[in-house]
Amino acid sequence: MDKGRALILTILQIANEKNILLSKTKLQKLVFPVQKELGREYFRFVPYKYGPWSEDLVREVERMAEEGIVEIEKIESSTFYRLKVQAQKDKDFVRYVEKYIVLPLEYLLALIYAEYPEMTELSEIREKVKEFQRWYGLG
């Protein structure tokens with residue numbers, strides 16, 4: 001199996017096990033630091049409105065939805081993902097996913113903006129994230 005897909009499945013399986021509702025934004029902000037820690041690039045990220053963004057990641061999740069593996073649900077202006085099948089967790093990713101998945105999105109944003117400022121150059125929420133960084137003592 002493709003390692004990028006295995007990473008998505010691992011994240012979604014752990015989210016299911018922990019009853020975490022996983023938004024499109026949180027998935028992006030989980031995949032990015034996991035890739036960085038592993039020194040791998042399964043999905044290409046670029047600076048965007050809310051920090052690092054991968055269109056490749058969005059397309060892969062959409063393919064998985066077409067295959068009946070992932071459910072995509074829109075609630076108001078937000079998009080959420082849920083695994084529709086039981087997935088095997090990839091042991092290479094579990095430790096990293098477990099580290100980040102329990103963190104609030106605000107903390108993940110603060111951490112990513114502090115550690116990867118080059119990914120914030122197009123950010124529309126830079127000032128808001130600076131507040132998060134102050135709250136969490138980051139940056």
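Visitor: Which two strands form a hairpin, and how many residues lie between them?
Guide: Strand 4 and strand 5, with two residues between them. Glutamate 76 in the turn has a positive phi of about 55 degrees. Strands here are DSSP runs of E, at least two residues, and helices are runs of H or I, at least four, both numbered from the N terminus.

Visitor: What kind of model is this?
Guide: This is a predicted model: local features need pLDDT of at least 70, side-chain atom pairs count only at pLDDT 80 or more, and totals for chains, interfaces and linings use all residues. Residues are numbered from 1 along each chain as its sequence is written, and side-chain values use heavy atoms, with hydrogens and water left out.

Visitor: How many bridges between strand 4 and strand 5?
Guide: Six, linking residues 70-75 of strand 4 to strand 5. Glutamate 71 is bridged to arginine 82, and isoleucine 72 to tyrosine 81.

Visitor: And between strand 1 and strand 5?
Guide: Two bridges, also antiparallel, joining residues 22-23 and residues 78-83. Serine 23 has phenylalanine 80 as its partner.

Visitor: How many residues are in the largest nonpolar core?
Guide: It has 41 residues. Such a core is a set of buried Ala, Val, Leu, Ile, Met, Phe, Trp, Tyr and Cys residues joined through side-chain atoms within 4.5 Å. Those with the most contacts inside it include Ile11, Leu27 and Val97. Helix 1 gives the most, with eight residues.

Visitor: What does leucine 27 touch?
Guide: Leucine 27 touches Ile11, Leu22, Leu57, Val61 and Tyr81, leaving aside residues up to four places away in sequence.

Visitor: New topic. Is glutamate 60 buried or exposed?
Guide: Buried, at 10% relative accessibility. Buried means under 20% relative accessible area, exposed over 50%, partly exposed in between (1.4 Å probe, protein chains only).

Visitor: What polar contact does its side chain make?
Guide: The side chain of glutamate 60 meets that of arginine 5 at 2.6 Å. A polar contact is a pair of N or O atoms within 3.5 Å; within protein, one must be able to donate a hydrogen and the other to accept it, and residues adjacent in sequence count only if both atoms are side-chain atoms.

Visitor: How many aromatic pairs turn up?
Guide: Six, in a search of the whole structure. One of them joins phenylalanine 32 and tyrosine 116: the centres are 5.0 Å apart and the planes at 85 degrees, so the pair is edge-to-face. Rings of Phe, Tyr and Trp (its six-membered ring) pair if their centres lie within 6.5 Å; planes under 30 degrees apart count as stacked, over 60 as edge-to-face and the rest as tilted.

Visitor: Why does that pair tie together parts 84 residues apart in sequence?
Guide: Because phenylalanine 32 lies in helix 2 and tyrosine 116 in the loop between helix 5 and helix 6. Phenylalanine 32 is buried at 2%.

Definitions and conventions
Pairing = 2+ DSSP bridges. Contact = heavy atoms within 4.5 Å.
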